[in-house]
Every structure is written in C-alpha cells, then in structure tokens.
Amino acid sequence: MTHMANNMEATIVVVDDEPSIRELLSASLHFSGFEVKTAASGSEAIDVIKETNPDLIVLDVMLPDIDGFTVTRRIRREGIDAPVLFLTARDDTQDKVMGLTVGGDDYVTKPFSLEEVIARIRAILRRTKGEEEDDPIIRVADLEINEDSHDVSRAGQEIDLSPTEYKLLRYLMDNEGRVVSKAQILDHVWQYDWGGDAAIVESYISYLRKKVDGIVVDGKKVEPLIQTKRGIGYMIRAPRGNSDK
C-alpha cells in the first residue's frame with residue numbers, strides 16, 4: 001500500500017483561532033499518519049509555514065489579525081507554493097472565487113466532518129505530489145477500494161458494503177499496519193457528534209469481517225486481514241509473507 005498518509009512524510013500546518021477546532025484537526029490528522037504543526041493567527045501562521053515548509057496548509061479564512069486570503073498571498077510572494085485547503089464559515093461563492101484567485105486549492109465549509117477534511121487533504125496531496133495521480137485505488141494485499149467510485153473488491157470479487165462499512169474499511173486501510181482504538185474509530189467513522197458506545201464498532205467490525213474475510217476462492221477461505229488486538233483495538237494488515245503491498 002502506497003498511500004500518502006502512511007509514510008509520515010506529509011507535514012501539515014493547521015491554522016485556526018478556535019482552540020477546539022485546532023486541537024480536533026491536529027489530533028485527527030496525527031492519528032491518520034500526518035506530521036502536524038499549528039498556528040492560532042495569520043501572523044503566527046506565516047512564521048510557522050516559513051519555518052516548517054509544509055506539504056499542505058489547512059487555513060481558516062476568518063482569523064483575528066490578517067485573514068487567510070492575505071496569509072496565502074504573502075506566502076506565495078515568499079515563494080512558498082504548498083497547497084492550501086481553506087476552512088470557511090460562509091458557504092459563499094465570492095469567498096470561493098477569492099480563495100482560488102489568491103492561490104488556494106480547495107475548500108471545506110464549517111461545520112465540516114473530519115472524514116471530509118482528511119479525504120480532501122489526501123486528494124490534494126495526490127494531485128500536487130503527482131503520486132497515484134490517476135490511481136484512486138487503495139490496496140492491502142488483494143483487497144482494493146476505489147476512492148472515486150467507492151467500489152470494493154477482494155481477490156477480484158466485488159464486495160457490497162453499506163456507506164458506514166465503507167467508511168470503516170477505508171479508515172482501517174488508511175491506517176494499514178497500525179492499531180486503531182474503538183474511540184478513534186468512533187471519532188473518524190461516526191464523527192465526534194456520536195454519543196454512542198463502543199459496541200457499535202464491534203458490530204460493524206463483525207459485519208466487515210463476514211464480507212471482507214469471508215470471501216471464498218477455489219473452495220478455500222481467504223486469509224483474514226482484519227485483526228483484533230484485545231483491549232486495544234483493530235487493525236488491517238496483509239498476511240505474513242504476502243509481498244503484494
């Protein structure tokens with residue numbers, strides 16, 4: 001699997017004056033395998049960006065000192081061409097046109113879902129890094145998901161997943177080889193507005209196992225990919241000795 005976020009090489013600067021949003025994004029991106037730096041104002045952002053030279057900047061438009069558009073103009077003048085994902089509280093076409101004019105790459109309107117922000121970041125990084133540019137496929141061993149069409153297959157057999165099962169599988173695949181806790185899964189798959197307990201995670205892992213690890217090829221069941229780490233959480237990993245990574 002050659003997913004951008006798995007190599008810990010992408011550094012992201014998150015700029016937002018609201019501590020709760022800054023911390024939420026920072027934690028989620030870190031869980032997803034990114035290196036994260038933060039700033040709480042436009043002037044601090046410029047300093048952190050110059051110092052860090054990040055792969056991508058998540059930038060709030062409405063900042064207490066200078067707005068996100070001004071920050072973008074200034075870093076572009078300094079020769080910093082890192083892609084910018086704007087966070088805007090206003091679903092305003094004018095804002096969007098302005099953002100593209102000053103050199104932004106994409107938008108997310110508040111309130112946003114963490115999954116959407118992370119998906120946009122990965123899409124921008126694939127485009128700008130030229131990695132997997134025309135390949136929306138994420139693979140673990142013989143399991144594949146297509147981020148564009150949401151098709152899922154294993155050993156060439158199509159797997160029909162519900163939207164929530166798809167989100168869960170994609171989150172596990174994004175974190176291939178890394179154990180994720182039930183709390184992390186609740187945060188990323190059901191988002192932070194879910195007040196439920198971890199039992200729902202167990203149920204959905206069970207559904208996924210039946211579909212993903214229940215595939216039969218030539219009369220034999222495929223080797224299981226989804227693993228339980230008791231008392232910690234779950235992970236997806238290619239079987240030992242499988243070199244198709």
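This is a predicted model: local features need pLDDT of at least 70, side-chain atom pairs count only at pLDDT 80 or more; totals for chains, interfaces and linings use all residues.

Student: What is the order of the four strands in the open sheet?

Tutor: The order is E6-E7-E8-E9, and the pairing is antiparallel.

Student: Which strands stand at the edges?

Tutor: Strand E6 (137-140) and strand E9 (157-159) do. Each has a single partner strand, so one side of each has no neighbour in the sheet. On average, neighbouring strands here are turned by 25 degrees against each other, direction ignored.

Student: How many bridges join E7 and E8?

Tutor: Three bridges, in the antiparallel sense. E7 covers residues 143-146, and E8 covers residues 152-154. Look across the pair: Leu 143 stands opposite Arg 154 in E8.

Student: Which strands does helix H6 touch?

Tutor: Helix H6 (residues 163-174) packs on the sheet and touches E6, E7 and E8. The direction of H6 makes about 115 degrees with that of E7.

Student: Now the loops. Where does Asn 53 lie?

Tutor: Asn 53 sits in the loop between helix H2 (42-52) and strand E3 (56-60). Check its backbone: Asn 53 is not a glycine, yet its phi is positive, about 50 degrees.

Student: Is Asn 53 buried or exposed?

Tutor: Exposed means over 50% relative accessible area. Asn 53 has 56%, so it counts as exposed.

Student: What about Ala 155?

Tutor: Ala 155 also has a positive phi of about 50 degrees without being a glycine. Find Ala 155 in the loop between E8 and E9. Its relative accessible area is 34%, so Ala 155 is partly exposed.

How values were computed:
Residues are numbered from 1 along each chain as its sequence is written. Side-chain values use heavy atoms; hydrogens and water are left out. Two strands pair if DSSP finds at least two bridges between them. Helices (H or I, at least four residues) and strands (E, at least two) are DSSP runs, numbered from the N terminus. Axes are lines fitted to C-alpha atoms, for helices over the stretch in contact, and angles run from 0 to 180 degrees between N-to-C directions. Contact means heavy atoms within 4.5 Å. Buried means under 20% relative accessible area, exposed over 50%, partly exposed in between (1.4 Å probe, protein chains only).
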